[in-house]
Amino acid sequence: KRQKDIYRRIYAISEEMSEGFVSLGSYYDGALNDVTVAYNAFLNDNAEIFWMPNTYILATSGYGSDAKTVIAFEYSDSENRNSYTVADISERNRLKAELDNKVDYILSQTDDLSNEYEKEKFLNDYLCNNVTYSETGEFVGTAYGALVLNSALCEGYSRAFKLLCNRAGIECDLVTGKSEGEGHMWNR
């Protein structure tokens, strides 16, 4: 229940927050672990929310019964630097509209396909034929990078495929692990 509450709070603030330091609620033993689980689930469920970073800083604010669990997306000191992928809300909305338009365009090409397998294969082939693998760039780990900029690493490909499949009504999840000793993401 606590993880679901945190998830819902993160989802709500992801759409409207312009500041990088947000309270997620009262601190309790295990709160930081619950935030980690909830945030990872949030990122994996919502490929269309590409502006949220993979990294964040967790902390507590206040003391005793007034202690709060806080998460920072925009933070900088001598040892840490973290920021949104896109902090400006109007820019974020413009980029999100670009992504939505591209997803609609791609999915419109599946309208005449008769079953899930044909749609899934089309979406896979679309990504393989239109996206270039790249390890550098601001959006390479996102669906936006793969679909709008046509450049992504495995995470971007996977998030794009999940977004396309889910919008087409095909169940698709992200899987993380290692391949040849390196971190990797793919789809199930």
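Glu155 and Arg159 are both buried, where buried means under 20% relative accessible area, exposed means over 50% and partly exposed lies in between, using a 1.4 Å probe and protein chains only. Their side chains meet in a salt bridge, at 3.0 Å from N to O; the term stands for a side-chain nitrogen of Lys or Arg within 4 Å of a carboxyl oxygen of Asp or Glu. Both residues belong to helix H6 (residues 154-167), where they sit four residues apart, about one turn of the helix. Helices here are DSSP runs of H or I with at least four residues, strands are runs of E with at least two, and the numbering starts from the N terminus.

Before going on, please keep in mind that this is a predicted model, in which local features need pLDDT of at least 70 and side-chain atom pairs count only at pLDDT 80 or more, while totals for chains, interfaces and linings use all residues. Residues are numbered from 1 along each chain as its sequence is written, and side-chain values use heavy atoms, with hydrogens and water left out.

Let us stay with the charges for a moment. The salt-bridge count comes to 10. Among them is the contact between the side chains of Arg8 and Asp5, at 2.6 Å from N to O. You will find this pair in helix H1 (residues 2-16), three residues apart, about one turn of the helix. Asp5 has 34% relative accessibility, so it counts as partly exposed. Another salt bridge links Lys96 to Asp100 at 3.5 Å, again N to O. These two residues lie in helix H3 (residues 89-108), four residues apart and about one turn of the helix. Lys96 is buried, with a relative accessible area of 16%, whereas Asp100, at 22%, is partly exposed.

A charge can also meet a ring. Arg2 lies over the face of Tyr28, 3.7 Å from the ring centre; the rule asks for NZ of Lys or CZ of Arg within 6 Å of the ring centre and within 35 degrees of the ring normal.

Now for the rings themselves. Searching the whole structure gives nine aromatic pairs. Rings of Phe, Tyr and Trp (its six-membered ring) pair if their centres lie within 6.5 Å, and planes under 30 degrees apart count as stacked, over 60 as edge-to-face and the rest as tilted. Why does the pair of Phe50 and Tyr144 count as stacked? Their ring centres are 4.9 Å apart and the planes meet at 20°, so the pair is stacked. Phe50 lies in the loop between helix H2 (31-45) and strand S2 (57-61) and Tyr144 in helix H5 (residues 143-147), so the pair ties together parts that are 94 residues apart in sequence. Phe50 counts as buried at 3% relative accessibility, and Tyr144 counts as buried at 4%. Elsewhere, one aromatic cluster is formed by Tyr7, Tyr11, Tyr39, Phe42 and Tyr56.

Finally, turn to the strands. Strand S8 (residues 174-179) pairs with strand S9 (residues 182-187) in the antiparallel sense over six bridges, pairing being defined by at least two DSSP bridges between two strands. Gly177 stands opposite His184 in S9, and Ser179 has Glu182 as its bridge partner in S9. S8 and S9 form a hairpin with two residues between them, and Glu180 in the turn has a positive phi of about 55°.
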